[in-house]
Amino acid sequence: MNRRDFLKSLGAGTLATAAIAAGCDSPNKTQAEGFELGEVPTDQMTYRTGTHGEKVSVLGYGQMRLPTVEEGNRDSDLDQDRINELTDYALSHGVNLFDTAPRYCKARSEAAIGIALSRHNRDEYLISTKLSNMSPDTLSFEGSKAMFEESLRRLQTDHVDFYMLHCVGLPCKGVDGETMDPMTAFKVRFEENGMLDWLMEQRKLGRIRNLGFSYHGDVKVFDYALSLHGKVHWDHVLIQHNYINWQHAGDLAEDGDSGDANSEYLYGQLAERNIPIFVMEPLLGGQLANLPQFAVDELKRRAPNQSLASWAFRFAANQPRILTVLSGMTYMEHLQDNIRTLSPHKPLSEDELKMLADIANRYAGMSLVPCTGCQYCMPCPYGLDIPGIFAHYNKMLNEGNAIKDLAEDASSEERRAYRKARRAYLKNYNKAVDPDRQAEHCIACGRCLSECPQQINIPRQMAMIEKLG
Amino acid sequence: MAFDKGYCKTDCTRCSEVCPAGAIKKIDEIEKSAISIGHAVTVPQNCLLGQGVACNACSRHCPTGAITLVDDASTGHKVVAVNENTCIGCGACEHLCPVRPFSAIYVEGREVHTTV
């Protein structure tokens, strides 16, 4: 809300109104007219067509980062009033796809969005949710089926427009508590229990309109799932895609860990088979909105008043087979900015693509931790705030406050700079993460290892970050 | 906030101390430095830089370093760039911008305050 709008809506302050009127006539027409950014368009959204002719807004509303009552505390209750308001705003500005999953927001997302959406007609919106059967008690046919039925109940509907097998390519724990490798996990979760066949039946019955899967991690499982295309006819697939992941997904992972495959490869495989693509993490968990200064300068040079995030959205939606770009928008300002960017989508020029590729090259060399803040690793049994610690570490690197090792023969100048950086680091660390929840409390139990979709070796990174402190 | 009268100083928490109704949450200086109440938006056609005047009032006074002057890709002239993710919306830039009556940079408020 702009304060000028606020004044306008109050109808108060004749002075302000007079200034607005004067501003319209004067050659110096700017702020007084309202604001430089202009109104948020309601009817300019770009739509793309799904496998069965659905018109899907190219901006999809991800429900993994819903607002909470207590600002900044993701453990506190979801703020249903704000969720309702954001949902209404999205719908009235052309966003018609809402993507959730049973485990989002500590298993509260589906119910919350169910409440918000059921206040509208069912034909005004499309729902996407997933089969998150990765805990031992949901691996069975009955357990998985119950999860689907529970999703319908929470979402207050009789059909799901887009249903996905969740996190194909990641390991998970078996009924015996042992971790299964990604390929075995796929077979146990979807094939051997007959779940995939059952879901295809549900598609015939119209309870599922589109059947697909979401991919992270081991690319062999992605390839295997695609090899089933002849039998299953995947209607859509969800991949992680942004200008870093396009060619540098591997660089984001640590040595020895696989990480996702490059989205250039994934896109090529899916486009070849004509499978519409859902995009997740267009901002790499917000990182592409919080860029280091060299990237900020380069992007702002081209468009001073375009947000950093807008470039990432234009990139994510740039390819023709991309059906929708999912974004978890917690704040009204994010929603408005993204609607502006994609109403309508403005394709990137060759020159702009090259510039983003150059930024990606430099960015991938910065060795940031590729944490997207999904919170799957939480709660940590030892109380660490894992995503908070990584966010602080990345912020420090981005702002050029990295603590480099001090050489034995460092000059007094260097020592002073070192002390300053260290003080800044520690002060901000304590502010960002409660001292009881910092990296040093990690005992490397490894419980988080099989949970991380980005396959970050969390205990190893914690040991690295602890040394900085 | 009326930024023509002043701006929200980073070391001041007076409003949170005096509010009798609890409508403004009590915060200390450290907390305040990380709270964003808006973000600045530039109005290039008002800016002195476009008229060849070497002004850097906004970037010099920005307490978070969110404002930089960059070379515009199309014209080569210096323009003001705001990093909307590090800006806290304090309004120092709007208040101290010499262009009047409508300054060349102004703050868009946030619906809900965020932490930077």
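Before the first entry I need a convention: a crossover is called right-handed if, with the strands pointing away from the viewer, the path from the first strand over the helix to the second runs clockwise. I also keep in mind that this is a predicted model.

**Entry 1: strand 3 of chain A**

I applied that convention to strand 3, helix 3 (residues 80-92) and strand 4 of chain A, and they make a right-handed β-α-β unit. Next I checked the pairing on either side. Strand 3 of chain A runs parallel to strand 4 (residues 97-99) of chain A, with two bridges joining them. I looked up A:Gly62 there, and its bridge partner in strand 4 of chain A is A:Asp99. With strand 12 (residues 322-327) of chain A, strand 3 of chain A also pairs in the parallel sense, over three bridges. A:Tyr61 sits opposite A:Ser327 of strand 12 of chain A.

Are the faces of strand 3 of chain A covered or open? Both are covered: I find A:Leu59 and A:Tyr61 buried on one side, and A:Gly60 and A:Gly62 buried on the other.

I went looking for cis peptide bonds. One joins A:Met378 and A:Pro379, with omega about -5 degrees, and A:Pro379 lies in the loop between helix 16 (350-364) and helix 17 (386-398) of chain A. In chain B, a cis bond joins B:Arg100 and B:Pro101, with omega about 5 degrees. I place B:Pro101 in the loop between helix 4 (92-96) and strand 4 (105-115) of chain B.

A:Ala107 has phi near 65 degrees and is found in helix 4 (residues 104-107) of chain A. I get a relative accessible area of 37% for A:Ala107, so I log it as partly exposed. A:Ala444 has phi near 60 degrees, and its place is the loop between helix 18 (412-432) and helix 19 (458-468) of chain A.

**Entry 2: where A meets B**

I counted 36 residues from chain A and 37 residues from chain B in the contact. The two chains bury about 3,000 Å² between them, with 50% of it on carbon and sulfur atoms.

How many salt bridges are there between chain A and chain B? I find one, and it pairs the side chains of A:Lys300 and B:Glu84 at 2.8 Å, N to O. I also noted nine residue pairs in polar contact across the interface of chain A and chain B. On the side of chain A that touches chain B, helix 13 of chain A gives the most, with six residues.

Conventions: Residues are numbered from 1 along each chain as its sequence is written. Chains are lettered from A and ligands numbered from 1 in the order in which they are written. This is a predicted model: local features need pLDDT of at least 70, side-chain atom pairs count only at pLDDT 80 or more; totals for chains, interfaces and linings use all residues. Side-chain values use heavy atoms; hydrogens and water are left out. Helices (H or I, at least four residues) and strands (E, at least two) are DSSP runs, numbered from the N terminus. Buried means under 20% relative accessible area, exposed over 50%, partly exposed in between (1.4 Å probe, protein chains only). Two strands pair if DSSP finds at least two bridges between them. Contact means heavy atoms within 4.5 Å. Buried area is the accessible area (1.4 Å probe) that two parts lose on being put together, summed over both. A salt bridge is a side-chain nitrogen of Lys or Arg within 4 Å of a carboxyl oxygen of Asp or Glu. A polar contact is a pair of N or O atoms within 3.5 Å; within protein, one must be able to donate a hydrogen and the other to accept it, and residues adjacent in sequence count only if both atoms are side-chain atoms.
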